[in-house]
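Colleague: I'd like to learn how to read a model like this one. Can you walk me through it?

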Amino acid sequence: MAKMRAMVVRERGGPFAAEERDIPAPGREEMRIRVQACGVCHSDVVTVQGLFPIVQYPRVPGHEVIGVIDAVGEGVQGWKVGERAGVGWFGGSCNYCRQCRRDNAFACENAHEISGVTRDGGYATHMIARASAVAHVPDDLDATQSAPLLCAGVTTFNALRHTGAGPGDIVAVHGLGGLGHLGVQYAARQGFRTVAVNRGRDKEELAKKLGASDYIDSAAEDPAKALTAMGGARAILATVTDGKAMEAIAGGLGANGVMMVIGAVGPLTVNALDLIGKSAGVRGWYSGVARDSEDTLNFSKRNNVASMNEIFPLAKAQEAYERMLSGKARFRVVLRMDG
Ligand SMILES: [Zn+2]
Ligand SMILES: [Zn+2]
């Protein structure tokens with residue numbers, strides 16, 4: 001029987017172990033993907049550290065996957081072997097529950113599926129995905145370069161397009177890491193006056209090159225005051241991992257402004273008076289479903305949005321994961337399966 005390779009978390013805390021396994025057959029409404037590349041996302045900590053009670057071991061992490069359809073299970077329509085495929089955090093939906101019927105497939109009441117968390121993900125040469133979780137990938141998009149668009153990309157792209165901001169409105173991207181460097185590109189290409197906000201000046205030049213028209217050094221000046229002086233932000237994309245930093249910028253929202261929280265910071269305090277007087281809001285944002293991933297990939301291709309990556313072979317998943325955790329990668333870490 002043909003074998004596949006996977007980097008497996010065998011117990012809570014890791015480490016990653018290389019395993020050779022039989023290549024599984026897809027079940028009903030599932031497909032098998034031959035993985036070409038998989039991004040290493042900070043949310044993979046959920047799997048490695050067992051942060052959600054639904055994580056069971058052994059488990060293969062990975063939810064920034066690009067590959068090729070390798071086998072199609074019973075009942076799958078609209079897909080054939082050889083087509084390019086992408087999988088993100090969204091692990092699929094039932095299409096008939098209350099939430100699915102209301103176009104909220106991300107909150108499906110039946111399929112509590114997260115790629116690489118509730119089922120094996122993309123740190124492997126092959127994976128099985130629910131067909132409802134799989135996105136079409138444009139032909140000429142490089143797998144290794146584009147894998148992070150399946151989580152970091154769709155999260156920032158999709159949050160930004162749901163802020164209610166229009167062309168020319170002030171949109172601040174808070175934090176210039178793996179999420180923020182994509183957020184700046186999407187905000188600029190979606191037509192916003194894009195303000196990059198980060199501590200220090202070392203990423204200012206890069207932020208401007210990526211499309212930011214303004215830059216605020218949040219270590220040197222109060223970012224809320226700086227945004228207010230510009231007229232107030234119609235949206236803030238909060239990508240940082242520090243709740244205090246988010247609190248410090250929330251006051252920079254303008255009239256009807258919304259802060260889209262995509263950094264998982266835990267408890268977050270905001271001044272209600274700041275919100276009431278401006279009819280402003282703070283909102284969390286789920287990454288996106290398969291069709292959001294397709295929109296992200298197509299938009300990225302047409303508008304030359306690219307993730308900046310550090311590449312590792314699959315066998316070095318441990319090293320890649322630690323590099324991601326260090327916060328020093330510029331900016332995303334990607335596993336390539338052929339190396
Ligand atoms: Zn992710
Ligand atoms: Zn459902």
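Colleague: Is C97 buried or exposed?

Modeller: Buried means under 20% relative accessible area, exposed over 50%, and partly exposed in between (1.4 Å probe, protein chains only). C97 has 4% relative accessibility, so it counts as buried. C108 is buried too, at 5%. This is a predicted model, where local features need pLDDT of at least 70, side-chain atom pairs count only at pLDDT 80 or more, and totals for chains, interfaces and linings use all residues. Residues are numbered from 1 along each chain as written, chains are lettered from A and ligands numbered from 1 in the order written, and side-chain values use heavy atoms, without hydrogens and water.

Colleague: Which protein donors does the zinc ion (ligand 2) have?

Modeller: Donors are N, O and S atoms within 2.8 Å of the metal (3.2 Å for Na, K and Ca); water is not among the atoms, so sites may look incomplete. Here they are the SG atoms of C94, C97, C100 and C108, 2.3 to 2.4 Å from the zinc ion (ligand 2). Their spacing in sequence is C-x2-C-x2-C-x7-C.

Colleague: What is the geometry of the site of the zinc ion (ligand 2)?

Modeller: Four donors count as tetrahedral if all angles lie between 85 and 135 degrees. With angles of 104 to 118° among its four donor atoms, this site is tetrahedral.

Colleague: And what does T163 touch?

Modeller: Contact means heavy atoms within 4.5 Å. Leaving out residues up to four places away in sequence, T163 touches R234, A235, V258 and M260. T163 is also buried, with a relative accessible area of 7%.

Conventions: Tetrahedral: all angles 85-135°; square planar, octahedral: opposite > 155°, others 65-115°.
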